[in-house]
Amino acid sequence: AIPGIESLMTTTPPPPTSISNNANSNNIQTLAATTSAILTYLGLIINYDRPRGTLTLPDWQSSLIIQQSNVPNAGLGLFAARSLPRGT
């Protein structure tokens, strides 16, 4: 047997230092601030980033066309097939 091994196995770890307490406190504050910022951002997106108004075209099927966009990697786009009245 190794002499003195029992004393190593029964000792309790030292109490946390103030440095680790400050680090934990800073981590919690950072997490809280980040969570608050994310929730605020999502709330603003939900509230303000949505279409407003309506499209009032009596014959929208012949007024609008869907075709490939000229913008690189943009995919399809919605385009006016004819001149549209102001305010539509």
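This briefing describes the fold, confidence, surface and selected residues of one protein model.

The model is predicted: local features need pLDDT of at least 70, side-chain atom pairs count only at pLDDT 80 or more, and totals for chains, interfaces and linings use all residues. Residues are numbered from 1 along each chain as its sequence is written, and side-chain values use heavy atoms, with hydrogens and water left out. The protein has three helices and two strands, where helices (H or I, at least four residues) and strands (E, at least two) are DSSP runs numbered from the N terminus.

**Fold and confidence**

- The order of elements from the N terminus is α-α-α-β-β.
- The mean pLDDT (the predictor's confidence in each residue, from 0 to 100) of the protein is 78, and 67% of its residues reach 70 or more.
- Among the elements, β1 has the highest mean pLDDT (91), whereas helix α1 (residues 5-10) has the lowest (60).
- For contacts (heavy atoms within 4.5 Å) with a separation of 6 or more, residues 24 or more positions apart account for 11%.

**Burial and surface**

- Of the 88 residues in the protein, 6% are buried; buried means under 20% relative accessible area, exposed over 50%, and partly exposed in between (1.4 Å probe, protein chains only).
- The accessible surface comes to about 8,100 Å², and carbon and sulfur atoms hold 62% of that surface; areas come from the Shrake-Rupley method with a 1.4 Å probe, and for residues only the protein chains shown count as cover.
- I38, L39, Y41, L42, I45 and I46 make a nonpolar surface patch of about 620 Å².
- Patches are made of residues with over 30% relative accessible area and no salt bridge, with like charges joined within 9 Å and nonpolar side chains (Val, Leu, Ile, Met, Phe, Trp, Tyr) within 5 Å; a salt bridge is a side-chain nitrogen of Lys or Arg within 4 Å of a carboxyl oxygen of Asp or Glu.
- L42, one of the patch residues, lies in helix α2 (residues 18-48) and counts as partly exposed because its relative accessibility is 42%.

**Helix α3**

- W60 belongs to helix α3 (residues 60-63) and is partly exposed, with a relative accessible area of 47%.
- W60 and A80 are separated by 20 residues in sequence and by 9.4 Å in space, C-alpha to C-alpha.
- S63 is also found in helix α3; with a relative accessible area of 0%, S63 is buried.
- Not counting residues up to four places away in sequence, S63 touches L57, F79, A80, A81, R82 and L84.
- The side chains of S63 and R82 make a polar contact at 2.7 Å; such a contact is a pair of N or O atoms within 3.5 Å, where within protein one must be able to donate a hydrogen and the other to accept it, and residues adjacent in sequence count only if both atoms are side-chain atoms.

**Loop between β1 and β2**

- S69 lies in the loop between β1 (64-68) and β2 (76-80), and S69 counts as buried because its relative accessibility is 17%.
- Residues up to four places away in sequence aside, S69 touches A74, G75, L76, G77 and F79.
- N73 is found in the loop between β1 and β2 and counts as exposed, at 84% relative accessibility.
- Phi of N73 is near 60 degrees, a positive value in a residue other than glycine. Most residues other than glycine have a negative phi.
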